[in-house]
Every structure is written in structure tokens, then in C-alpha cells.
Amino acid sequence: MITKVSHVSLFVLDQQKAYDFYVTTLGFKVNTDVTMDNGFRWITVSPPEQPDLEITFLAPLAANMMGYDDETRNAFRILLEKGALGAGVLHTPDCRATYEELKAKGVQFKGEPKEQFYGIEAIISDGVGNWFSMTQPTPQAGAQHP
Amino acid sequence: MPIAPDVYKKIVMAKLYMDENFHESIDLDRISREACLSRYHFHRLFTRIYQRTPHQYLTRKRVEQARQWLADKDLTVSEICNNVGFESIGSFSVLFKKEIGYAPQYYRNQAWLKKQQGLTQPRKFIPHCFIETCLNG
């Protein structure tokens, strides 16, 4: 029986820039940050109030990612540079306040927060190839969330 | 009742001020005045937006910074206590344990052990499937 998701991978253009965005700007917490002899860096971070979900940043374009052939790397490059990967939904208790705060910190959004049937939502870019829905769910809208 | 956009900005600016100056003595009356709100309204709106009172938010911010510095900086627990804005090591220890679950020195020891292990045995922290997929193909 599977009961939880413990780790998810986020493919990023640059691990350090991802670290800066998720840890320094968003306030995610670092669980693990180790580097192997060949330079492969394993970083996992967790959302501030979700310590048992670890998100790891994988940089498929890095030279030490030997597991990917050139064709695969090129596919990653195209998707990440286009920002074509929608990575998920970030929960916020107040979308408009978080929008104002992150905008003041220079984070990119696709427009201002909008009311949707499932809550108040703004589309946020992590600057390293992924976008998220940042949503303040309406009470009891969880089952209808996209 | 919805909060007006300009009021949102004032509360967010006050929160960012607290983020940058948490290590100093923060006068919530002054922050309220600078936000052009009464202390009562500032407290009510801040708590509504952040789901914590300004005081609770500030305490958590200080404890979180202490947690990071205990793991990363070569300062004594007392120095970290003072540097993050607590006036008493006793209240710091109690609040740290309440928020983090461990006493500051115990947390530091565990973080140090983990860091040492990460330096000497990084593979122990990486699920094998990731090594196989990312490095070996």
C-alpha cells in the first residue's frame, strides 16, 4: 500500500538559481544539500509547512548528468527554456498578499491574481523553467481544484 | 469583507520590514503607524492574512533564523540567541524547543553530525535510483 509521496523531482535550468528562488525567495527549508566527488549535487527542500515532502532539483543540462544522452538533454533544454513545464500548485493562505510580497521581490507572474471557481489564483514562474499555479483555495473547494 | 489593494500593500510592506529587521527590537505600534493603521486594525489584518499574530510571526522568524545559524555558523547558542533578537536565553530555549522540537544545543549537534556525514558519505543521502538514472543512465 502506498500512503504518501515523499520525494518529487523538479527539473531546472540551474540548481543554484533554483535554490535561490525556492529557499531564499519563497522560504522553503533545506533538508539535504550534499555533493558527490563528481560534482553531482543532491539538494532537497520542503515547503515551510510540509516537512515530509522533499523536492529535489535536477539539472539535466549539467555536465555531470551523464545519465541523459544529447537528444534527451536537448529536449529538456527546449522545454525548460520555453518555460513549458507546469510543475504543480502552490498553496497560499492569502494569494493577494503573497503576490504583492513576491512581486516586490522581483518574482515573475503571468498577470494579477484572479478569482476562479476553486479559489484565488496567480500564475508564478520559478525562473528556472517551471511555472506553478499559486492558489488560495476557497473553503471546501479542495475536491474541485484543478 | 475584502481587503483594499492599498491596505494589502501596507501589510505586506510591514511584514517585509519585519523580515529584514527581526533581529532588532520591533515596535509594533510604530509599524502600525507607518502602515497608517491603528494597532488594532494592523493586528487584525496581519493575523487574517498570515494566520499568525505579528508577535507570533516575529517569534517564528527569529527561531527559524536561529535554526539556520545553529546549523551553519560558528557562534555560541547565547550569541545566536542575541543576534536573532531574543533578550533571554531561557525564553529562547523554550520557544526553540516548542517550534523545532529539540533544545538548541541538541539541534546543533544533530545538524553538525548530518553535515559531517554529508561531506564524507554523500551517497547515503541520495536514493539509489537517482544515482542510477542521473549519473549512469
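Chain A has 146 residues, and a compact globule of that length would have a radius of gyration near 15 Å; the value for chain A is 16 Å, so the two agree. The C-alpha trace of chain A spans about 45 × 35 × 30 Å along its principal axes. These figures describe a predicted model, with scores of ipTM 0.85 and pTM 0.89.

The secondary structure of chain A consists of three helices and eight strands. Read from the N terminus, the order of elements is β-α-β-β-β-α-β-α-β-β-β. In chain A, 28% of the 146 residues count as buried, where a buried residue has 20 or more other C-beta atoms within 10 Å of its own. Among contacts in chain A with a separation of 6 or more, 50% are between residues 24 or more positions apart.

Chain B is described here through its domains. The mean pLDDT of chain B is 92, and 99% of its residues reach 70 or more. The chain is divided into domain 1, residues 1-51, and domain 2, residues 61-137. The C-alpha centres of domain 1 and domain 2 of chain B lie 30 Å apart. Contact between these domains involves five residues of domain 1 of chain B and six residues of domain 2 of chain B. On the side of domain 1 of chain B that touches domain 2 of chain B, the residues comprise two nonpolar, one polar and two charged.

The remaining topic is the contact between the chains. Chain B contributes 19 residues to this contact and chain A contributes 18 residues. On the side of chain B that touches chain A, the elements giving two or more residues are helix H1 (5-21) and helix H8 (128-136) of chain B. H1(B) gives the most to that side, with six residues. By residue class, the side of chain B that touches chain A divides into eleven nonpolar, five polar and three charged.

Taken together, the description covers two levels of contact. Within chain B, five residues of domain 1 meet six residues of domain 2. Between the chains, 19 residues from chain B meet 18 residues from chain A, with H1(B) as the element that gives the most on the side of chain B.

Terms used:
Residues are numbered from 1 along each chain as its sequence is written. Chains are lettered from A and ligands numbered from 1 in the order in which they are written. This is a predicted model: local features need pLDDT of at least 70, side-chain atom pairs count only at pLDDT 80 or more; totals for chains, interfaces and linings use all residues. Domain bounds come from an automatic or database domain assignment. Two residues are in contact if their C-beta atoms, placed from the backbone, lie within 7 Å. Ala, Val, Leu, Ile, Met, Phe, Trp, Tyr, Cys and Pro count as nonpolar, Asp, Glu, Lys and Arg as charged, and the others, Gly among them, as polar. Helices (H or I, at least four residues) and strands (E, at least two) are DSSP runs, numbered from the N terminus. The radius of gyration is taken over C-alpha atoms; the globule rule is 2.2 Å times the number of residues to the power 0.38. A residue is buried if 20 or more other C-beta atoms lie within 10 Å of its own, exposed if 12 or fewer, and partly exposed in between; C-beta atoms are placed from the backbone. pLDDT is the predictor's confidence in each residue, from 0 to 100.
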